[in-house]
Amino acid sequence: MSAVKTSSAVEASLTALAVSLRGVTKAYDNGVMALGPLDLAVRKGEFISLLGPSGCGKSTALRIIAELSAPSSGIVRVARHEGEAQPGHGIGFVFQEPTLMPWTSVRENVRLPLKLGGVPKAEGRARADAALASVGLADFAEAYPRELSGGMKMRVSLARALVTDPDILLMDEPFAALDEITRFRLNNDLLALWRSLGKTVIFVTHSVFESVYLSQRVVVMTARPGRIQADIRIETVEPRGEEFRTSAAYSDYCRKVSAALAPSYSGQSTL
Amino acid sequence: MNAQAAVTAKPSSVQRAMRFVLPVIVFAAGIAAWELVVRIKEIPPYVLPAPSVIVLTLIKDWAVLSQSLATTLLTTLEGFAAASIGGIALALLFNQSKWVEYSLFPYAVVLQVTPVIAIAPLLLIYLEQQTAVVVCAFIVAFFPVLSNTTLGLNSVDRNLSGLFQLYGASPPQTLRFLKLPAALPYILGGLRIAGGLSLIGAVVAEIAAGTAGAGSGLAYRIAESGYRLNIPRMFAALLLLSLAGIVIYGVLALVSHLVLRRWHESALGKES
């Protein structure tokens with residue numbers, strides 16, 4: 001634990017932080033501790049994964065960073081756009097489900113954050129179309145969500161998170177419900193977007209393979225209440241691609257992360 | 001794949017045709033049997049009029065009956081409009097404040113479970129007749145709108161609510177862009193029930209008012225014709241009431257379908 005803290009402190013002095021959590025806890029109304037205390041520092045432009053067993057509070061941590069949920073104690077700092085009046089516009093959030101409004105078109109779904117922020121309609125539509133193009137769905141602006149496949153819905157959700165041009169992208173197990181082929185493709189597209197847009201990404205997942213493939217840092221969390229078990233840096237030749245997925249380095253990292261994750265599951269053998 | 005699709009498509013189109021054709025056959029057979037029995041047994045029209053006599057009465061008395069139909073429809077429409085606006089507005093109020101909901105909901109239930117036929121005479125004492133009739137239609141029809149709209153407003157996707165919160169949506173924005181569209185299928189379901197019920201409420205109140213000695217709606221015509229043993233006219237008025245109910249339901253179902261057809265499961269084909 002102490003080693004993690006020290007390294008975070010060093011990082012903090014080196015580069016500007018996008019997100020920092022200090023002693024953050026979350027207790028439910030019934031007194032159950034869901035999270036923490038958690039200390040986490042994320043540098044600007046970094047891609048990190050929060051990895052842990054179901055119910056370890058990793059989604060809760062994400063919701064706290066997004067201010068969708070208030071911490072029971074601790075300090076949360078999120079670097080924001082200067083001059084952005086609208087709260088939340090520095091953050092894009094991708095939920096576990098696509099969370100699209102079924103009653104309106106894909107374009108209107110993507111335009112929603114801008115509409116709520118008072119951006120004029122014409123400009124909003126143009127930006128929504130650009131965001132859709134960036135996830136490869138330029139031709140589906142007029143479609144309704146029900147006409148799309150699961151992977152395409154997730155892309156729409158990603159486009160909506162990107163449309164405000166946020167500094168920080170929070171993703172809560174976004175690809176968990178997709179088939180493997182679709183997930184691999186979305187992983188690659190997400191990496192390409194991250195490289196071209198230079199956003200800070202915090203990616204919650206329970207897949208070891210996904211976390212190692214995507215992130216620069218994998219933060220392994222313990223079972224409830226979630227704390228940091230290990231903080232593993234994934235260093236490889238960028239840009240990553242399919243050859244990384246099949247490399248020996250990749251499987252070494254996966255083994256290392258799995259080993260760090262194992263104690264979190266040891267108490268749950270009956271499950 | 002194609003063959004399979006053809007196999008599944010064929011029975012479904014036959015089925016669809018049958019759903020329309022079978023009730024029509026049953027209706028025609030019933031009417032024919034009725035006409036036959038009345039003619040063979042020479043039943044007098046003041047006991048049971050033949051269908052042909054009812055239709056003739058409908059044509060002969062059209063001047064009186066159409067006037068009554070218009071009166072009843074107007075009452076129904078006013079009651080329905082009041083129930084829709086009142087039910088939706090009250091549900092929105094309940095949704096804004098739990099305290100208001102806790103304070104008022106029990107009385108909405110009391111109003112719903114007390115038979116309107118028992119309230120109608122009281123209303124007729126305290127209110128002007130036309131107002132009392134509309135209020136009856138309102139009382140019967142507003143509860144399904146209220147309870148369905150409340151259900152719809154409470155069924156908003158939790159993640160979508162979170163999304164609106166994340167992007168700093170104001171309460172009016174959340175209401176307009178999230179809650180109302182999400183509740184729309186439920187609201188339309190409530191309105192569909194309310195349409196038929198407001199007709200029932202109007203008829204009940206008219207009958208109560210009719211026995212008090214005034215009124216000119218279809219239900220009053222039925223009561224009046226009953227006293228005069230003008231049975232064919234009773235049937236003709238009843239026929240018009242049924243048709244009015246069917247048309248009201250059909251119009252509301254059509255509106256619901258047109259509004260929801262692009263996105264809601266209820267308005268989509270099963271296989272899509």
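This is a predicted model: local features need pLDDT of at least 70, side-chain atom pairs count only at pLDDT 80 or more; totals for chains, interfaces and linings use all residues.

Residues are numbered from 1 along each chain as its sequence is written, and chains are lettered from A in the order in which they are written.

**Exercise 1.** Determine which helices of chain B supply the side that touches chain A.

Solution. Begin with the contacts (C-beta atoms, placed from the backbone, within 7 Å): 15 residues of chain B meet 18 residues of chain A. On the chain B side, α7 (158-166) and α8 (171-211) each supply at least two residues, helices being DSSP runs of H or I with at least four residues, numbered from the N terminus. The most comes from α7(B), with seven residues.

**Exercise 2.** Describe how α5(B) and α6(B) cross.

Solution. The axes, which are lines fitted to C-alpha atoms over the stretch in contact, with angles from 0 to 180 degrees between N-to-C directions, come within 9 Å and cross at roughly 155 degrees for α5 (residues 116-126) and α6 (residues 129-154) of chain B. The two helices are therefore roughly antiparallel, a term for angles over 145 degrees. Among the residues in contact, B:V116 and B:L123 belong to α5(B), and B:A132 and B:I139 to α6(B).

**Exercise 3.** Find what A:L170 touches.

Solution. Leaving out residues up to four places away in sequence, A:L170 touches A:L62, A:I65, A:A66, A:I91, A:G92, A:F93 and A:I202.

Terms used
Two residues are in contact if their C-beta atoms, placed from the backbone, lie within 7 Å. Angles under 35 degrees count as roughly parallel, over 145 as roughly antiparallel, 65 to 115 as roughly perpendicular and the rest as oblique.
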